[in-house]
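Here are a few notes to read alongside the picture. Have the sequence open too, and check each point as you go.

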Amino acid sequence: MAAIYSLYIINKSGGLIFYKDYGSKGRMDTNDSLRVASLWHSMHAISQQLSPTTGCSGIELLEADTFDLHCFQSLTGTKFFVVCEPGTQHMEALLKAIYELYTDYVLKNPFYEMEMPIRCELFDINLTQAIQKDRVVLLGR
């Protein structure tokens, strides 16, 4: 069983621009992953408006019985979120590392158009290495 079930990257408009499944029990089809991304974008926006705390940036952690959802929102409004095993630690650091990979390999790619789906081989390769490294550190696998 993997510590990380899946990774989503949502653009500032709420569109799913990247999705990767890392071995969740029930794999989702494309429509389901689009629904999850859309639902999360909406919940995140609503939580910012309804929060009693001024300057709230939205939900960063959602804990459920069978999974945890960790979210990182960049200054540009792009959201990165990971669905993982309950109680998995240090996901904030992993999300920031994924954001660095995104800025290095996607945003600096002259062929990438902003807000469009991510299709970058170097990003995929380095993302896989980061996830594998994180999995080894967390689980010893």
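**Cysteines and charged pairs**

1. Let's start with Cys56, which counts as partly exposed, at 25% relative accessibility. Keep in mind that this is a predicted model.

2. Is Cys56 bonded to another cysteine or on its own? Cys56 is in no disulfide.

3. Cys84 is in no disulfide either. For Cys84 the nearest cysteine sulfur is again that of Cys71, this time 12 Å away. Cys84 is buried, with a relative accessible area of 0%. Searching the whole structure turns up zero disulfides.

4. Now for the charged side chains. Side chains of opposite charge can pair when their charged atoms come close. How many salt bridges does the structure hold? The count is two.

5. One of them joins the side chains of Asp32 and Arg35, at 2.4 Å from N to O. Have a look at helix H1, residues 30-50: both partners lie there, three residues apart, which is about one turn of the helix. Asp32 is partly exposed, at 29% relative accessibility.

6. Asp104 and Lys108 also form a salt bridge, and their closest N and O atoms are 3.3 Å apart. Are these two partners buried or exposed? Asp104 is partly exposed, with a relative accessible area of 39%, whereas Lys108 is exposed, at 60%.

Notes: Residues numbered from 1 in each chain as written. Predicted model: local features only at pLDDT ≥ 70, side-chain atom pairs only at ≥ 80, totals over all residues. Heavy atoms only, no water. Salt bridge = Lys/Arg side-chain N within 4 Å of Asp/Glu carboxyl O. Helix = DSSP H or I, 4+ residues; strand = E, 2+ residues; numbered from the N terminus. Buried < 20%, exposed > 50% of the residue type's maximum accessible area, 1.4 Å probe, protein only. Disulfide = S-S within 2.5 Å.
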